[in-house]
Amino acid sequence: MAYPELPMPRTAEPAAARAPSSKDAAPAEPPAREFARALRQALVEQPHRISPKFFYDAAGSALFDRICELPEYYPTRTELALLDRHAEEMAALIGPEADLIEFGAGSATKVRLLLAAMQRPRRFVPIDISAEHLQGAAAALRRDHPGLDVQPLAADFTKPIQLPPMADGSRPQRVGFFPGSSIGNFAPDEAVTFLRQAAELLRGGGLLIGTDLVKDPALLHAAYNDAAGVTAAFNLNLLERANRELGTDFDTRQFAHYAFYEPRLQRIEMHLVSRRTQAVRLDGESFQVLEGQTLHTENSHKFTVEGFRRLARQAGFTPGTVWTDPKQHFAVHWLAAPL
């Protein structure tokens, strides 16, 4: 099938919002201080914006699990169907006795289909920023796969990471798994930075990655504005998390969830809109948020198949097999990492 070709959007992102390269690596600051610093920056700068990684405390991760089960949210069930249908083909590309690393593992639901088809996987390393949620998912995997070495890593996978060494000192082929089209949360330059880091980490192996495709804006709008209001609760939980962890005084009743598709940039934008002019306190400082101002909490870029393959080549991967559903809503790509 011939895929329509659309230009890959380029957006100007604040330097502080970009994913750091390995050259920028610095000692990790405590998660609460990183959150406080990012939130203060968001309240000071115009436009107000913060990384979507701060959605994912335990409450936010649980809300996202609920989003994945919503009738309007097609990506999860579409990708699960692709994995179920093509897991053996994917496992053949991965090869036997691989070291499987999942970026942003969450509840580690989709990887189960892959693990069931793989030949004697040596180890599974789920990486997620939400440590509590990650440990629960890892414990469930150990119960269901008693022979599998599961080594969860609580970390921010947008930054350079160090994998724990294999117990026997070996270095089996590494393969990454990055489902859910989470790559769409990155600006294009961030996506290239992440993919370059992944290519280095997975050198000699490969990456299996999901991407949400460009489609009817009405379908996209419904997916991020569900009738049950779960996505709205997920968005507002970022402010509730700040109140819980940082002692801020956000009145979440005075913010509204707002999500829309921007066709020129091929992305969903998610915001929290201030219903009135209000003051918010953080670390002893007061910040004014005007009526109608928004806190930009997430972008979710959509891709064409060829557009994403170009992006992967730019990062050093060699694109291989692509699996898509009959409606062309979602794609899973195999990318071979450089030697």
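This is a predicted model: local features need pLDDT of at least 70, side-chain atom pairs count only at pLDDT 80 or more; totals for chains, interfaces and linings use all residues.

User: What makes the chain as compact as a globular protein of its length?

Analyst: The chain holds nine helices and 13 strands (DSSP runs numbered from the N terminus: H or I of at least four residues for helices, E of at least two for strands). Its radius of gyration is 20 Å, close to the 20 Å that the globule rule gives for 339 residues, so the description as compact as a globular protein of that length applies. That radius is taken over C-alpha atoms, and the rule is 2.2 Å times the number of residues to the power 0.38. Along the principal axes, the C-alpha trace spans about 60 × 45 × 40 Å.

User: Why is Phe194 called buried?

Analyst: Buried means under 20% relative accessible area, exposed over 50%, and partly exposed in between, with a 1.4 Å probe and protein chains only. Phe194 has a relative accessible area of 1%, and is therefore buried. This residue lies in helix α6. Beyond its neighbours within four places in sequence, Phe194 is in contact (heavy atoms within 4.5 Å) with Phe103, Phe157, Phe178, Ile183 and Phe186. Over the chain, buried residues make up 53% of the 339 residues.

User: How do you know that β9 and β10 pair?

Analyst: Two strands pair if DSSP finds at least two bridges between them. Strand β9 and strand β10 (residues 285-289) have five bridges, in the antiparallel sense. Arg281 stands opposite Ser286 in β10. Two residues lie between the strands of this hairpin, where Asp283 takes a positive phi near 50°.

User: What makes β1 and β7 edge strands?

Analyst: They belong to an open sheet of four strands in the order β1-β11-β8-β7, with mixed pairing. Each of β1 (48-49) and β7 (255-262) has a single partner strand, so one side of each is left without a neighbour in the sheet. Strand β1 and strand β11 (residues 294-301) run parallel and are joined by two bridges. There, His48 has Leu295 of β11 as its bridge partner.

User: How do you know which strands stand at the edges of the seven-strand sheet?

Analyst: That open sheet has the order β4-β3-β2-β5-β6-β13-β12, also with mixed pairing. Strands β4 (153-154) and β12 pair on one side only, and they are the edge strands. Within the sheet, β6 and β13 run antiparallel and are joined by seven bridges; Thr211 stands opposite Ala331 in β13.

User: What do the buried residues of α9 pack against?

Analyst: Their partners are α6 (188-201), β6 (206-212), β12 (318-324) and β13 (330-336). The buried residues of α9 (residues 305-314) are Val305, Gly307, Phe308, Arg309, Leu311 and Ala312. Just after α9, Gly316 takes a positive phi of about 105°.

Note on methods: Residues are numbered from 1 along each chain as its sequence is written. Side-chain values use heavy atoms; hydrogens and water are left out.
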